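Subject: Structure for you to look at

Hello,

Here is the structure I promised to pass on. Please open it next to this email and follow along.

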Amino acid sequence: NYAVAAVGTDYGFSCGALLLDALLNQYVPVYAYEFGDINPPNPLLPADPYMPLDDSHAIELAYLYPTFHNVTLSVPPSSFTVSQQFLTQGLRADWTSFARYGRPLNPRGALWSRYNVAAHAFTEFVAPSQQTNSGFFDYHNCSFWGPYLLSEAGLPPNTQY
């Protein structure tokens, strides 16, 4: 299950998003991020021990809307560790600032920096107890997937992203 999830994540989401970030960055400021809590609560779906979601697409919504109760699936509101509560406060402040001002101005002092194409630099949102240096480009095998994505997008193979 993890191998299939990794291929879907790397090719279908991560490396494609990185390419899109680079292309958009030519025209507008881009503030990209990766959400990386390895043990997130999931108010959208019931727990499935055979297909853990880890930090899957849209899982950060639980942090933005911590009191959400999925009545349809009988999934109660999320409960967070102390470290995750800190992440929740920061993420909500960042997104609120971004919506209000068009750029993140986090009052708690964290930096959601502008995307840098040459360094593949963007912000990683993780709980303080899980701080890492993920090396996004390498971790998601973007050097492998890049030629396929560039070809599908009709871009020259030397396009930097």
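This is a predicted model: local features need pLDDT of at least 70, side-chain atom pairs count only at pLDDT 80 or more; totals for chains, interfaces and linings use all residues.

Helix α1 passes helix α5 in a right-handed crossing. Residues are numbered from 1 along each chain as its sequence is written, and side-chain values use heavy atoms, without hydrogens and water.

Back to the crossing. α1 covers residues 2-24 and α5 covers residues 142-152. Their axes come within 9 Å and cross at roughly 65°. Axes are lines fitted to C-alpha atoms, for helices over the stretch in contact, and angles run from 0 to 180 degrees between N-to-C directions. The two helices are therefore roughly perpendicular (65 to 115 degrees; under 35 is roughly parallel, over 145 roughly antiparallel, the rest oblique).

Which residues of α1 and α5 make the contact? From α1 come Val 7, Asp 10, Tyr 11, Cys 15, Gly 16, Leu 18 and Leu 19. From α5 come Cys 142, Trp 145, Tyr 148, Leu 149, Leu 150 and Glu 152. Contact means heavy atoms within 4.5 Å.

Now the aromatic rings. Rings of Phe, Tyr and Trp (its six-membered ring) pair if their centres lie within 6.5 Å; planes under 30 degrees apart are stacked, over 60 edge-to-face, the rest tilted. The count comes to eight aromatic pairs. One of them is Tyr 33 with Trp 95: the centres are 6.1 Å apart and the planes at 65°, so the pair is edge-to-face. Tyr 33 lies in strand β1 (residues 33-35) and Trp 95 in helix α3 (residues 82-101), so the pair ties together parts that are 62 residues apart in sequence.

Phe 144 and Trp 145 also pair edge-to-face, at 4.8 Å centre to centre and 80° between the planes. Phe 144 is partly exposed at 47% relative accessibility. Trp 145 is buried at 16%. Buried means under 20% relative accessible area, exposed over 50%, partly exposed in between (1.4 Å probe, protein chains only). Tyr 11, Phe 144, Trp 145 and Tyr 148 form one aromatic cluster.

Last, the whole chain. There are five helices and two strands, in the order α-β-α-α-β-α-α from the N terminus. Helices (H or I, at least four residues) and strands (E, at least two) are DSSP runs, numbered from the N terminus.

Best wishes

Note on methods: A crossing is left-handed if the near helix is turned anticlockwise from the far one by less than a right angle, and right-handed if clockwise.
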